[in-house]
Amino acid sequence: MAPIRQPRLQLRQLRPMNAFSALRDFVDALAASSPARLALIVFALVILLFTALLSLPASAASGQVTPLYDAFFTAVSAVCVTGLTVVSTATHWSGFGQVLILIAIQVGGLGILTMASLLALAVNRRLGVRGKLIAQEGMNTGRLGEVGSLLRIVVTTTVAIELILALVMAPRFMILGESPGQALWHAVFYAVSAFNNAGFTPHSDGLVPYDEDLWILVPLMVGVFVGSLGFPVIMVLLQSKLHIRRWNLHTKLTLLVTSILLVGGSILWGAFEWFNTQTIGEMNVADRILHSVFASVMTRSGGFNLVDMSDLDSSTLVITDMLMFAGGGSASTAGGIKVTTLAVIFLAIVAEARGDSDVRAFGRTIAFGAMRVAISVVVLGATLVAVTTVALLAITEETLEPVLFEVISAFATVGLSIGLSEELPPAGKYLLAALMFAGRVGTITLAAALATRQRNTLYHYPEERPIIG
């Protein structure tokens, strides 16, 4: 009987291996055909997993099941590192639920294509050419040989920066009266939320009690700023340090436009709110400047706020809308259309105005394909914002200003809110959740993932230039 039983035992042992092989073949097939589609599937599965976990009674402080639309919205907001909330993070969720949100932020902050490449690495136990192609798609690195080192930099840099931020803030929370365990937990939560540009806060009153505390606000601004630069920029800075000549074009454009938006945003935000007694009008000059700089940093994806957004002047809300839509750096934890997209569009306009045939910057010519992608990102992003705004106006019957603000905040994964999200009906919450997903994935990645096939045309029609402008 032994010779008969042995094959059956071997067959049972091979079944898990067959399932593993099937999963590996599926990942390889998607990686070969469409890395963007693989990333989209992975991201969606992660969101569904956290939705199910947040729906558990153990995730809520009350011990009751959280409604599906609230759990789904929170999962999307956390994984997409947005920060919009429909229930209080501090009071609605239990300790287990808050840990889940923190894990979701960390996983989502790695980036959609980085997650897909890590999945390929976990399944294949090595990062082959296809896995490198997946990572290269989202990391903006020019050579496949850089992908492995960049993945290591992504993980080590993330952990190191978050650890430093937590160690800096934890003593301050203890000085303010929190127990060591509670202070460490809040410091870790803020560190992860800041570096990943998520904007979630573990306190019921947010950062309002610390609105003049540099010990808390400065680390948060540093974490958000560094996280918004993007891992490709961080890698270049680590490798070349302050040798500007060794920086590539992407790094130079990212740092230049980020600095311009940071300074310009601070000046404009402070100018419009300087005499607003509901926000910073009654503060001293130093605190007004601090609030202006903090707001400029956070409006481009950080999501933390020191004042009630509904008290802002209408002009300030428009400036905030513009900064949110611009966003941060490519392949970063920030959202928006990205600063390099803005730079390429501006340089193309300048070249056209000067009559130049090429678009140039820092001694380099920008490829025509990059300009086409930049235009597509802006147009698709504006279209998503417009369509969602019209839909929410029909659903809620609210005025344009708060709806547009909430929609841009969701698309740019910023998380600033006038309070509209928590008042939306379930249909509105699902709509905003879909917009957060599209904004975090990226319009081009989303379009590539939804495309039925890649088109390679072997012919060209005769050229003809229509009248433009």
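**Close-up views of the predicted model**

**View 1. Lining of the second largest pocket, by residue class.** The lining has 11 nonpolar, 15 polar and three charged residues. The model is predicted. The volume of this second largest pocket is about 680 Å³. Its lining counts 29 residues, and those closest to the centre are Thr85, Thr201, Ser204, Gly206 and Asn305. A probe the size of a water molecule, rolled over the atoms, shows where empty space is left.

**View 2. Val81, in the loop between helix H3 and helix H4.** Helix H3 spans 68-79, and helix H4 spans 95-109. Val81 has a positive phi, near 45 degrees, and is not a glycine. Is this residue, Val81, buried or exposed? Val81 counts as buried because its relative accessibility is 0%, and buried means under 20%.

**View 3. Lys338, in the loop between helix H13 and helix H14.**

**View 4. The protein chain as the setting for the close-ups.** The chain holds 18 helices and two strands. Of its 469 residues, 50% are buried. Among contacts with a separation of 6 or more, 69% join residues 24 or more positions apart. The accessible surface comes to about 22,700 Å². Carbon and sulfur atoms account for 64% of that surface.

Conventions. Residues numbered from 1 in each chain as written. Predicted model: local features only at pLDDT ≥ 70, side-chain atom pairs only at ≥ 80, totals over all residues. Heavy atoms only, no water. 1 Å grid on protein atoms, 1.4 Å probe; cavity = no way out; pocket = protein on both sides within 12 Å on 5 of 7 lines; lining within 4 Å. Points joined across faces, edges and corners; volume = space filled by probe spheres on them. Nonpolar A, V, L, I, M, F, W, Y, C, P; charged D, E, K, R; others polar. Helix = DSSP H or I, 4+ residues; strand = E, 2+ residues; numbered from the N terminus. Buried < 20%, exposed > 50% of the residue type's maximum accessible area, 1.4 Å probe, protein only. Contact = heavy atoms within 4.5 Å. Areas by Shrake-Rupley, 256 points an atom, 1.4 Å probe, with all protein chains shown as cover.
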